[in-house]
Structures are given as C-alpha cells and as structure tokens.
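Please walk me through this structure by question and answer, beginning with a single residue and then widening the view to the whole chain.

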Amino acid sequence: MTTNLDTLATALYARIDDELKASPWLAPWRPAIGITPTLSDAELLTLAVMSALLGFTSERRWLRHASRDLRHLFPYLPQQSGYNKRLRAASTLLTSMIRVLARDTSLWSDDVWLVDSTPVSCGASRETAKRSDLAGWAQYGYCASHSRYFWGLRLHLVCTLGGLPILFALTGAKADERETLRDLLDTAPDVGADHPGQTIIGDKNYFGREFEHDLAERDLRLLRPARKGEAERAGAHLFKPLRQVIESINQTFKAQLDLERHGGRTPAGVMVRVLSRILALTAGIWHNDKTGQPVKRSLIAYDH
C-alpha cells in the first residue's frame, strides 16, 4: 500500500466507521428522532486529521481548500460554524479514537514510556490574558527547555520511544507535573494494567520519595536525572539521548502539527484543536505501522 494523504484518510475513515458501528455509544449524543447529519462522524474526524497534517490553522481556509480539492473524498462539507460545533461536540470521540488507534499498533506494547510537558501558548499580550475566555485556566509559565515565559497551557504527554501518545492532559501552565501524571494514571487504570512493570523516564521535575513510592506501588519504575545534591541515579547515561527524543516528539507537534498556532479562543475550542493534533500524530503512526514503514513517526508523506 502506498503512503500518501488520500490512503491515510481512506484507511482512517474506514477504521473509525467500523469502530462506531461496533461501539455506537462512542458517537456524540443525538436525539433518537431527528435529521441524520449529512457528514458522518467518521468523515468529521478524518477532516480534522487532514487539516492538522496539512498545516491549516484556520477552519475557514481549511474548508475552502477541502471544498475545492477534496470533493472526491467528501461529497458534502458543512459551513464553518457547523463544522466547528460538530467538532467541539466530538471531543470525547476524538479521545476515544486516539486510544483505539494507539492500541491497534505494535508500539502499544513498548515497555518504556517517556513523560514530559510542553507549552501551548494561548496569547502574547496583557490584554489577551485579561479578556480571554481562557483566563483562569491559561496561566503565565516558564519553559526551561527554551528559556522563555509564556501565557497559556501545558500539554502533558506520556508516549513511547516511537512517539505514540499513550496518555495526555491539557492543564494550566503552573500545574504540578507529578500530580498531573498521577491523575493520568488514576483516570486510565486499564492502561497501567496492560503494562505491568513499565519503565517511565522523565526529567528532574518528576522527583520526591512519596511520588516514586506511589509509582512503585502501581508497578511502574521511574528513571530520572539526579537533582542537585543527589547521588547519581540508575540510567544516567540514557537521559541525554532520550531528552533529544522527547524534544523531537514535541517538535513534531509544534513544527509539523502547529500545536501553538491552534487558534482556539475558548476552553472547548482549544481542547478540540489539541485533540485533533494528537489524533493526527496517532493516525500517522498507526498507518505507518500498518504499512510497514521504517520510521513510524514520520509525517512527511502526509503533509502535502
């Protein structure tokens, strides 16, 4: 099978459609009596993934492009307002399909995870921070990796060495990374049960005797660099190359999938745009895995 955007879109649509037929409760709620949407939920999610892969940060521009060039895949396309409402209502379905596709890859069984967080800027001016609907959730924070302050959120990501998203959360910029990881593990106990004895590699922010004891009780082994004043810890020789791996994964989100140019102005809008990008990365890895590509995280074949 060839690897291009059309083949990915066709395969993804078929996979989502099959999953919704097998598990109809995953679809957004609709009244039992009413008009059936002309654009199916599988088509909606496929459109969102294609938009992220092609680098569109404006829904209006994306729908104009799709109307001109993608009619062979989508005979019907909604207006921008309808598309936006449908997509925001499908956030739970987006989350479910990320997990479904991730489980359907060989990378799901990897015994090493990486955990980190990366900034998701939501504004650059003082007025935006005061007047935005995101105020209260978005916060001022500092990114040590890039030595910069920002106003916005943080995407917390647990992924495999190949970049496959396993767990994720979007929080305020000042949220404690350790507590966020605990919450992720608490809300997805089935994932931990699927991976007994898993190794998690994080940076120096994932520290503390109580925190490490909590992970050990979950049958998870934490590896992290030693903090100032600590003795050298196990696996120290791995941290520098693995730090480059997680930075590369974050760069995939930011450079190829325009994570910080999401365009969301409300909590629901930001959430669905970030979820669309996580689904796009997961779909790319899933399709590369199914077609036997040597580099699972490569999106080059799908960005044009």
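**A buried threonine and its surroundings**

Q: Does T252 count as buried or exposed, and at what relative accessibility?
A: Buried means under 20% relative accessible area, exposed over 50%, and partly exposed in between, with a 1.4 Å probe and protein chains only. T252 counts as buried because its relative accessibility is 5%.

Q: On what kind of model do these values rest?
A: Residues are numbered from 1 along each chain as its sequence is written, and side-chain values use heavy atoms, with hydrogens and water left out. Local features need pLDDT of at least 70, side-chain atom pairs count only at pLDDT 80 or more, and totals for chains, interfaces and linings use all residues, since this is a predicted model.

Q: In which helix is T252 found, and which residues does T252 touch beyond four places in sequence?
A: Helices (H or I, at least four residues) and strands (E, at least two) are DSSP runs, numbered from the N terminus, and T252 is found in helix α10, residues 236–256. Contact means heavy atoms within 4.5 Å. Not counting residues up to four places away in sequence, T252 touches L257, L281, R297 and L299.

Q: What is the relative accessible area of T282, and which residues are in contact with T282 beyond four places in sequence?
A: T282 is found in helix α11. T282 is buried, because its relative accessible area is 0%. Leaving aside neighbours within four places in sequence, the residues in contact with T282 are I98, L101, A102, L164 and P165.

Q: Where is I201 placed, and how many Å separate the C-alpha atoms of I201 and V112?
A: I201 has its place in strand β5, residues 198–201, and counts as buried because its relative accessibility is 8%. Leaving aside neighbours within four places in sequence, I201 is in contact with V112, W113, L114, V115, L223, F239 and L242. I201 and V112 are 89 residues apart along the chain, and their C-alpha atoms are separated by 7.5 Å.

Q: Which residues have the most contacts inside the largest nonpolar core?
A: A nonpolar core is a set of buried Ala, Val, Leu, Ile, Met, Phe, Trp, Tyr and Cys residues joined through side-chain atoms within 4.5 Å. The largest such core has 89 residues, and those with the most contacts inside it are L45 and L53.

Q: Which helix gives the largest share of this core?
A: The share in question is eleven residues, and it comes from helix α11, residues 267–290.

Q: Is D219 buried or partly exposed?
A: D219 is found in the loop between α9 (209–217) and β6 (220–223), and its phi is near 65°, a positive value in a residue other than glycine. At 40% relative accessibility, D219 therefore counts as partly exposed.

Q: What is the relative accessible area of D258?
A: D258 lies in the loop between α10 and α11, and its phi, near 50°, is a positive value in a residue other than glycine. D258 is buried, with a relative accessible area of 11%.

Q: What radius of gyration does the chain have?
A: The radius of gyration is taken over C-alpha atoms, and the globule rule is 2.2 Å times the number of residues to the power 0.38. A compact globule of 304 residues would have a radius near 19 Å, which agrees with the value for the chain, 20 Å.
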